[in-house]
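Please read the sequence and the model side by side, following the paragraphs below from one feature to the next.

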Amino acid sequence: MNLYRLSQDDETGYDTYSDCVVAAVDEEAARHIRPDGGDSWDSMFGTSWARYPNLVKVELIGTAVEGTKSGVICASFHAG
């Protein structure tokens, strides 16, 4: 399991996530993890995270300790 820093600048302003750290098996799996807990992409009404997975920037930052489960470790939310 790897650790990745995800960031996006597709959705900005209040009530959005700018970035997060996630645990995932690979870059593609990481790209599909949403810090808002959602599983819906392409929302025409806006969202708190990028509208499409290809708009998420992924950076490998390390290896997780054994037993770490896939998902969000921490996230930066900009409340309004």
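The structure holds 1 aromatic pair, where rings of Phe, Tyr and Trp (its six-membered ring) pair if their centres lie within 6.5 Å, with planes under 30 degrees apart counting as stacked, over 60 as edge-to-face and the rest as tilted. The partners are Tyr17 and Phe77, a tilted pair at 4.8 Å centre to centre with 55 degrees between the planes. Because Tyr17 lies in strand 2 (residues 16–24) and Phe77 in strand 4 (residues 71–78), the pair ties together parts that are 60 residues apart in sequence; strands are DSSP runs (E, at least two residues), numbered from the N terminus.

This is a predicted model, in which local features need pLDDT of at least 70 and side-chain atom pairs count only at pLDDT 80 or more, while totals for chains, interfaces and linings use all residues. Residues are numbered from 1 along each chain as its sequence is written, and side-chain values use heavy atoms, with hydrogens and water left out.

Tyr17 is buried, with a relative accessible area of 16%, whereas Phe77 is partly exposed at 41%; buried means under 20% relative accessible area, exposed over 50% and partly exposed in between (1.4 Å probe, protein chains only).

Tyr17 also belongs to the largest nonpolar core, which has 12 residues in all, among them Cys20, Trp49 and Val56; such a core is a set of buried Ala, Val, Leu, Ile, Met, Phe, Trp, Tyr and Cys residues joined through side-chain atoms within 4.5 Å. The largest share of this core, 4 residues, comes from strand 2.
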